[in-house]
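The sequence and structure come before the details.

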There are 2 protein chains.
Amino acid sequence: MSLKYEQFKNHLQKVGDLKYAANVLHWDQEVYMPKNGAGPRAQQLATLSGVIHELSTDKKLGDLLAELRTDSTLTFEQKRNVEDAFDKYTKNLRYDVSFVQEMSMAVSEAFQSWNKAKEASDFSMFAPHLEKLVKLKRQETEILGYTDHPYDALLDQFEPKAKTADITALFEDVKSVMVDFVKEIAACPQNDDAFMSAHYDKDDQWDFGIELLTQMGYDFDSGRQDVSSHPFTTNFSATDVRVTTRINENDLNEMIWSCIHEGGHALYEQGLPTEEYGLAGGEYLSLGVHESQSRLWENNVGRGKSYWKANYASLKAKFPEALGNVSFDQFYRGMNIVKPSLIRTNADELTYHFHIIIRFEIEKALIEGSVEVNDLPALWNAKYKEYLDIDVPSDAMGVLQDIHWAHGGFGYFPTYSIGSFYAAQFYATAKEEIPGLEAEIEAGNMKPLLAWLREKVHAHGRIYTADELCERITGSKLNFSHFMTYARAKYSELYAMAPVSQEA
Amino acid sequence: MSLKYEQFKNHLQKVGDLKYAANVLHWDQEVYMPKNGAGPRAQQLATLSGVIHELSTDKKLGDLLAELRTDSTLTFEQKRNVEDAFDKYTKNLRYDVSFVQEMSMAVSEAFQSWNKAKEASDFSMFAPHLEKLVKLKRQETEILGYTDHPYDALLDQFEPKAKTADITALFEDVKSVMVDFVKEIAACPQNDDAFMSAHYDKDDQWDFGIELLTQMGYDFDSGRQDVSSHPFTTNFSATDVRVTTRINENDLNEMIWSCIHEGGHALYEQGLPTEEYGLAGGEYLSLGVHESQSRLWENNVGRGKSYWKANYASLKAKFPEALGNVSFDQFYRGMNIVKPSLIRTNADELTYHFHIIIRFEIEKALIEGSVEVNDLPALWNAKYKEYLDIDVPSDAMGVLQDIHWAHGGFGYFPTYSIGSFYAAQFYATAKEEIPGLEAEIEAGNMKPLLAWLREKVHAHGRIYTADELCERITGSKLNFSHFMTYARAKYSELYAMAPVSQEA
């Protein structure tokens with residue numbers, strides 16, 4: 001390794017150390033921090049952000065990058081690490097320290113107020129903080145610059161190179177196909193999932209979640225699970241990747257799907273190359289690809305027949321009162337009910353995308369300035385009526401349900417849908433390439449799938465672009481049709497629908 | 001506030017933010033971190049140390065201090081904050097970044113190896129790491145400089161201005177008085193504490209510990225308790241002060257004394273002025289004074305008759321099987337048994353000081369270079385035989401029992417004894433000044449005592465020196481006789497000894 005490259009690597013690792021340190025403070029804030037700790041914690045995170053920003057825009061780093069970009073002796077991976085760092089460096093240079101600190105402070109305060117507002121189900125408590133954040137975010141689009149739409153600048157932070165226009169078009173496509181498909185399903189005889197709302201003991205749920213994570217291959221020596229109000233995954237290195245879950249004693253869905261979903265995210269982080277710590281090669285590619293890993297486990301695997309053939313007996317043994325009279329078939333059908341609902345994280349894998357589309361449309365409007373923060377609850381409720389035909393009873397169940405805006409995460413939501421579509425495409429290839437994949441899953445053996453994901457996705461970090469990675473794995477770029485093929489096959493069976501004619 | 005003073009304050013608050021951030025990482029490391037997180041965490045803490053060091057030695061700070069030291073418009077408190085910062089600044093300047101990082105890395109690695117070595121009860125696993133630390137610590141005494149003894153330089157970090165020669169003399173005093181006193185006690189009819197080793201359910205113990213903390217006035221909105229292998233208190237601000245405990249189902253002592261002890265530390269931190277965050281006025285004075293707060297609660301209050309008149313009924317109700325046949329008098333006597341023992345943290349309040357003296361003598365020898373790390377287990381065991389007449393059965397129960405050396409904390413142990421002596425002196429004054437103090441405690445009302453400690457000790461942070469504070473509170477400097485007066489009165493009654501003649 002050249003001396004310059006080593007210096008570059010050391011510098012980025014130092015930045016990584018501080019970013020991961022901030023992750024520890026964030027994790028603690030959401031999991032264990034006592035309430036009066038909030039004020040100083042916000043200040044501490046703001047200071048840490050400032051230091052990270054100073055180090056990320058250090059002229060020494062700029063000089064190293066300038067030299068390394070013309071160094072022809074670097075390997076392909078080293079070149080990609082350098083280019084990725086250069087891209088981030090030039091973007092970071094556009095921010096000044098005071099903006100970064102103001103944003104970090106605003107985010108910490110918004111997070112605290114969101115928690116309180118959600119508890120009181122009162123959007124007006126959160127509104128002034130959100131307003132401040134939106135103002136800062138609009139400022140940020142100007143700082144970063146954009147050609148077509150200001151929202152492009154925010155999207156790019158989560159899904160590099162994605163465009164607002166493309167996502168608008170993609171979502172129009174989704175709406176046009178999915179609205180009809182969901183209507184077709186609604187016209188069929190409906191399945192029942194009342195048993196999911198029986199009483200499920202907290203501790204037993206916790207134990208079952210740990211079993212599922214262990215079976216997936218989540219390494220508890222390199223991570224741990226805790227409880228938080230909104231489940232999330234965070235990492236402090238590839239050998240310390242933490243997940244959280246949420247347990248509702250009257251709804252088994254919350255724990256099960258959050259465990260498998262966050263578990264999928266965590267497997268990605270635990271599979272990143274430790275020797276590339278702090279570099280692009282040691283970090284996740286994009287949120288869409290991250291989400292492809294959580295969705296693949298949650299939906300393509302976790303809502304599948306094979307998965308529950310492996311696990312239903314154990315679940316039933318833990319909850320004999322709730323599930324004693326529920327057959328495997330009833331459980332499988334109940335768990336896959338398609339039905340418009342209020343809460344995104346509990347939504348089925350089809351109507352889920354309407355939740356995303358609504359948030360995307362609102363974010364786009366907020367960033368263009370075509371809608372005011374104070375109008376959000378009304379707008380939110382109107383869109384839920386329009387797309388999902390449901391009434392939103394309260395802010396807590398509506399516009400306040402998700403943490404993302406409180407975290408300043410505008411541009412984040414679309415990656416959830418993109419991730420699901422990647423997941424369907426990757427899983428179609430996995431089925432072709434892994435001999436007897438479904439039989440292995442049915443036997444509770446997730447190792448072949450995890451090994452395939454490690455090799456195809458995790459091991460590469462951010463060396464390739466999302467387009468490149470998708471082509472390397474599946475032979476083509478992201479293609480929504482894989483999702484619909486998967487969905488039609490699965491739900492036609494579940495709802496005993498007429499087979500789809502070839503020309504559809 | 002002058003502009004310069006404000007800049008100075010902002011700078012120190014920024015340093016404080018990063019130090020408290022490091023505290024969060026340390027807390028997590030000892031409480032929740034999965035084992036494979038250790039390597040990157042050590043690196044992250046080393047990087048954070050480096051950044052803190054850079055900021056603490058920033059020339060901008062030096063310039064501000066130079067100007068402020070000649071600013072006659074500052075208040076007394078502001079002057080003291082500036083002088084304290086100047087003292088730290090000049091000391092920090094003597095370290096270079098690489099030394100600080102090497103030390104931080106060595107400490108993190110030593111901590112991990114100590115954990116493993118203690119589990120395996122094998123000192124040789126820890127020895128190379130301890131050797132490295134001792135080498136660095138000896139280097140540090142040269143960096144800091146000293147006039148009389150190299151150990152002075154280390155002592156000063158924990159107990160500013162304390163001298164090795166004075167402590168050696170103090171401990172010779174303690175030995176000369178205490179050896180005889182403990183022998184007198186040994187010659188009396190002995191009390192029984194077998195009931196302390198009955199079975200005490202973990203969860204019930206936990207609940208009782210929380211009751212005690214709540215009663216003391218520990219604010220759970222500004223803190224929390226967790227479990228760790230060695231109980232400790234840490235703080236991320238005065239409004240986020242955390243304690244840990246250790247629960248042994250076959251020994252009630254561990255939980256009770258660690259809760260009250262750490263609770264005492266935590267009350268000090270929760271009582272520091274929040275508006276002085278990051279400045280001397282918002283930080284603890286010395287470890288001796290810190291320990292005076294934990295010891296006062298643990299011994300002068302917590303091992304007293306009044307305290308258990310308030311709490312024994314509740315304890316008995318939680319553990320009817322273990323304590324049903326144990327009278328208040330039996331409990332009070334059993335809890336105050338004086339008996340040489342192996343583990344410092346479980347020792348009675350008299351023989352405790354022999355544990356400290358042994359560690360002090362070993363540390364002094366290690367730092368002078370008159371003893372080798374590899375000889376420690378033998379030396380340790382020999383001293384326990386000599387002073388306490390007990391045989392050490394294993395490294396885990398002997399030289400490996402305490403975390404301090406693994407944390408690089410040489411010069412720390414003597415502050416425990418100093419703290420106990422301050423506690424006795426402060427408590428003697430508290431009894432004079434608080435009307436009906438013992439009656440209030442007996443009624444479970446700790447508020448008058450806490451209010452007195454807040455006013456006399458907590459509110460002042462590090463504005464005064466330990467000598468000044470002690471004089472302000474008690475009218476004289478630290479005086480060991482208060483401890484012996486307290487001890488003779490209490491234990492003469494407990495062991496039905498003949499009253500001490502006046503000339504003794």
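A salt bridge here is a side-chain nitrogen of Lys or Arg within 4 Å of a carboxyl oxygen of Asp or Glu. By that rule, eight salt bridges cross the interface of chain B and chain A. The model is predicted, and a search of the whole structure finds 71 salt bridges over all chains.

Two of the pairs are set out below.

| Glu54(A) | Lys14(B) | 3.7 Å |

Glu54(A) and Lys14(B) form a salt bridge between chain A and chain B. Side chains of opposite charge can pair when their charged atoms come close.

**The interface**

How many residues does each chain bring to the contact? Chain A gives 35 residues and chain B gives 35 residues. Between them the two chains bury about 2,800 Å², and 58% of this is on carbon and sulfur atoms. On the chain B side, Tyr32(B), Pro34(B) and Gln44(B) supply 19% of the area buried against chain A, more than any other three residues.

**A helix pair in chain A**

The axes of helix 6 (residues 123-144) and helix 15 (residues 352-368) of chain A come within 9 Å and cross at roughly 75 degrees. Angles of 65 to 115 degrees count as roughly perpendicular, and helix 6 and helix 15 of chain A are therefore described as roughly perpendicular to each other. From helix 6, Val134(A), Lys137(A), Arg138(A) and Thr141(A) meet Leu366(A), Ile367(A) and Glu368(A) of helix 15. The residues of this contact divide into three nonpolar, one polar and three charged.

**Confidence**

The model scores ipTM 0.90 and pTM 0.90. Chain A averages a pLDDT of 95, and 99% of its residues score at least 70. Over residues 500-504 of chain A, pLDDT stays under 50, and the model has two contacts beyond four places in sequence for this stretch. Where pLDDT is low, the predicted coordinates should not be read in detail.

Conventions: Residues numbered from 1 in each chain as written. Chains lettered and ligands numbered in written order. Predicted model: local features only at pLDDT ≥ 70, side-chain atom pairs only at ≥ 80, totals over all residues. Heavy atoms only, no water. Axes fitted to C-alpha atoms, helices over the stretch in contact; angles between N-to-C directions. Helix = DSSP H or I, 4+ residues; strand = E, 2+ residues; numbered from the N terminus. Parallel < 35°, antiparallel > 145°, perpendicular 65-115°, else oblique. Contact = heavy atoms within 4.5 Å. Nonpolar A, V, L, I, M, F, W, Y, C, P; charged D, E, K, R; others polar. pLDDT = per-residue confidence, 0-100. Buried area = accessible area lost by both parts, 1.4 Å probe.
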